[in-house]
Amino acid sequence: MQNIEILIIGKHPDIMKTILRLLNNKTGWNGTAAFAADEAIEKGNTILFDVVLLGAGLTDIESKQIQAHYKIPVVQHYGGGSGLLYAEIYQALNIQP
């Protein structure tokens with residue numbers, strides 16, 4: 001099975017660290033972090049992502065830039081624990097857990 005590549009974009013390093021740990025502990029998932037829209041777009045030029053999660057702290061302009069750039073599911077992640085995080089990804093990719 002091919003890895004699911006997940007890009008998470010947010011401004012809070014501690015939260016991003018936790019989300020990345022949760023994503024990367026899931027078998028077959030690979031999380032990559034970006035802390036700004038420009039960085040997220042640049043990373044998309046070298047990695048083929050399956051889904052993008054928008055975390056806390058992004059401006060409306062940054063969120064719109066990312067949504068305009070990526071032609072894959074872009075999901076606003078509001079927090080709420082690992083179960084919700086995983087459910088957001090499963091739903092965005094239309095796969096069963």
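Student: Is Thr32 buried or exposed?
Tutor: Thr32 counts as buried because its relative accessibility is 13%. Buried means under 20% relative accessible area, exposed means over 50%, and partly exposed is in between, with a 1.4 Å probe and protein chains only.

Student: What sort of model is this, and how are residues numbered?
Tutor: It is a predicted model: local features need pLDDT of at least 70, side-chain atom pairs count only at pLDDT 80 or more, and totals for chains, interfaces and linings use all residues. Residues are numbered from 1 along each chain as its sequence is written, and side-chain values use heavy atoms, with hydrogens and water left out.

Student: Where does Thr32 lie?
Tutor: In strand 2. Strands are DSSP E runs of at least two residues, helices are H or I runs of at least four, and both are numbered from the N terminus. Strand 2 is mostly covered, with 5 of its 6 residues buried.

Student: Which residue stands opposite Thr32?
Tutor: Leu7. Strand 1 and strand 2 pair in the parallel sense, over 6 bridges. To pair, two strands need at least two DSSP bridges between them.

Student: What else is Thr32 in contact with?
Tutor: Leaving aside neighbours within four places in sequence, its contacts include Ile6, Ile8, Leu20, Lys43, Ile47 and Phe49. Contact means heavy atoms within 4.5 Å.

Student: Switching to the core. Which residues touch the most other members?
Tutor: Ile6, Ile8, Leu23, Trp29, Leu53, Leu85 and Ile89, out of 17 residues in the largest nonpolar core. Such a core is a set of buried Ala, Val, Leu, Ile, Met, Phe, Trp, Tyr and Cys residues joined through side-chain atoms within 4.5 Å.

Student: Which element gives the most?
Tutor: Helix 1, with 5 residues. A second, separate core has 11 residues, among them Ala34, Ala37, Ala40 and Val52.

Student: And Ile89, what is it in contact with?
Tutor: Beyond its neighbours within four places in sequence, Ile89 contacts Ile6, Leu23, Trp29, Val51 and Leu53.

Student: Now pockets. Which residues lie nearest the centre of the largest one?
Tutor: Ile15, Ile19, His77, Tyr78 and Gly79, from a lining of 16 residues. On a 1 Å grid over the protein atoms alone, a pocket is an open set of points where a 1.4 Å probe fits, with protein on both sides within 12 Å along at least five of seven lines; lining residues have an atom within 4 Å of a point.

Student: Which element has the largest share of that lining?
Tutor: Helix 1, with 5 residues.
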